[in-house]
Amino acid sequence: MVTAEVMDGFQAIFCPLIPLGLGPDGLSLRALRPFHEAETLLLHCRGIEVGRLHLPAGLQQGELCAIPITRLPRVPLPTELRIAATRDGRDLATPWRIDSADAALSLLGPPEIRIEDLRMDHGVLRGTAREARNGLLEPVLYARINGAGARIVSIESPVGLPEGGCAFRFALPIHPADLTEAGLSVSLLLIGQETPVAHFAWTRHGAGAAERRLAELDGRLRQIEEDAATAQQGLQSALERRLALQQERIDAFIAAASTLLFDRLAGAPAACADALRGLLASGGAVAAGEPMLDRLAERLELPLDSGLFGAGWHREEVYPHGSFRWMGPRGLLLNPVAERALGAVTLEVTGLYRAAAPALVAQFDDAAAEVSVTAREGGTFSVRLVHPQGPQPVRLLRLASQTGGCPADEGESGDRRMLAIAVSRVVFEYTAGAEPDPVSPEEYAVAL
């Protein structure tokens, strides 16, 4: 029960009654002083009588009573309940405020809807519903077709009735698939109630109980097929998400292991010569003698599928207009000839994620690189990285992008990779001068 606010002494002088709250018995009252002014208490809502209480003997001070409420009109909320002895008399208590339609359910109980003029009109099941007591009702109807499934029913805004309560019209489209060999069966239900408020059935001539049962079975079979298809789609989506998560974890493990290995090799090359010798001997560009690892060339271009792309780089993507590799927020590049003086590194950027121009920070080993960006035709950029101390032997190039993002997090696609820049070409430029003598892969490993 909703309780009333405390009434001050000034209000008690003019109002002999104080409302206490609403409940199944109606609006509860208490007498602040002896009350013998009227034998009947009337309860009004916007001028409409909603309840009355006979008091032949009046009320003594402190005595309790309750005015039963039999109906509520359809009025805008919030509204007030007023207590008087006559229709136009003065208020005997402060008005009681109703803020929501939920109060009508506690006062009047479950709705009692009566369906009128239920008919089939051009493939649409139409009708009018009345609720004689609860005018604040906001109805929600749904239908069961052939005993299975559920379909929402379109409802017009309820209108108030002169004597209280409300009425509303509804419509339910009937699909061709709803008609079976045995006919059609429709049950209308109100949300929150299990008992149908109306039932409509149509059968062909001569159909009996067996045909109606067949129609229900056919509807249930169709519902089972739809549920099975939905469940299969959900399982497929869950399987794809799990496979994607597993692949992300595998890629993350490989990237972490590669980072640890390369950091260890860069920190203590002499102690890890055997490990690097085994890595070089297992295959790759150095063992295969690819042209890009010509140790005497002044410019070496890395193939996009080269193993010298370290952690932070995604796989190569090949398209008819060209190929490139996406880099995440950070990426590592290994110098193909670490013992030579590296003059500069040039990156050709063909794509950016959520950025108008590349914003890169680079390091040659532990020294910050000088970065210069040049715009080219076609919306591409050339990024040139130079060592601040001039040409120096460098083992590792570290790249960090100040822009980027994940397409899946922004709702653009299902790609959950972190993307920053797309690189189509990487060129290492070495200074001209005395060229080192050719060395074997084992000596190269020791040099790293």
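R315 is exposed, at a relative accessible area of 56%. In this predicted model, R315 forms a salt bridge with D251, and the closest N and O atoms are 3.7 Å apart. D251 is partly exposed, with 30% relative accessibility.

The structure holds 24 salt bridges. Among them is the pair of R90 and E37, whose side chains meet at 3.2 Å, N to O. This pair links distant parts of the chain, 53 residues apart. R90 sits in the loop between strand 6 (79-84) and strand 7 (96-98). E37 sits in the loop between strand 2 (26-31) and strand 3 (40-45). R90 is partly exposed at 45%, and E37 is partly exposed at 47%. E80 and R82 form another salt bridge, with the closest N and O atoms 3.1 Å apart.

The chain contains six helices and 28 strands. Four strands form an open sheet in the order 20-27-22-23, with antiparallel pairing. Strand 20 (330-334) and strand 23 (367-368) are the edge strands, each pairing on one side only. Strand 22 (residues 360-364) and strand 27 (residues 396-401) run antiparallel and are joined by five bridges. L360 stands opposite S401 in strand 27.

Of the 448 residues in the chain, 39% are buried. The chain exposes about 24,800 Å². Carbon and sulfur atoms supply 54% of that area.

Note on methods: Residues are numbered from 1 along each chain as its sequence is written. This is a predicted model: local features need pLDDT of at least 70, side-chain atom pairs count only at pLDDT 80 or more; totals for chains, interfaces and linings use all residues. Side-chain values use heavy atoms; hydrogens and water are left out. Helices (H or I, at least four residues) and strands (E, at least two) are DSSP runs, numbered from the N terminus. Buried means under 20% relative accessible area, exposed over 50%, partly exposed in between (1.4 Å probe, protein chains only). Accessible areas come from the Shrake-Rupley method with a 1.4 Å probe; for residues, only the protein chains shown count as cover. Two strands pair if DSSP finds at least two bridges between them. A salt bridge is a side-chain nitrogen of Lys or Arg within 4 Å of a carboxyl oxygen of Asp or Glu.
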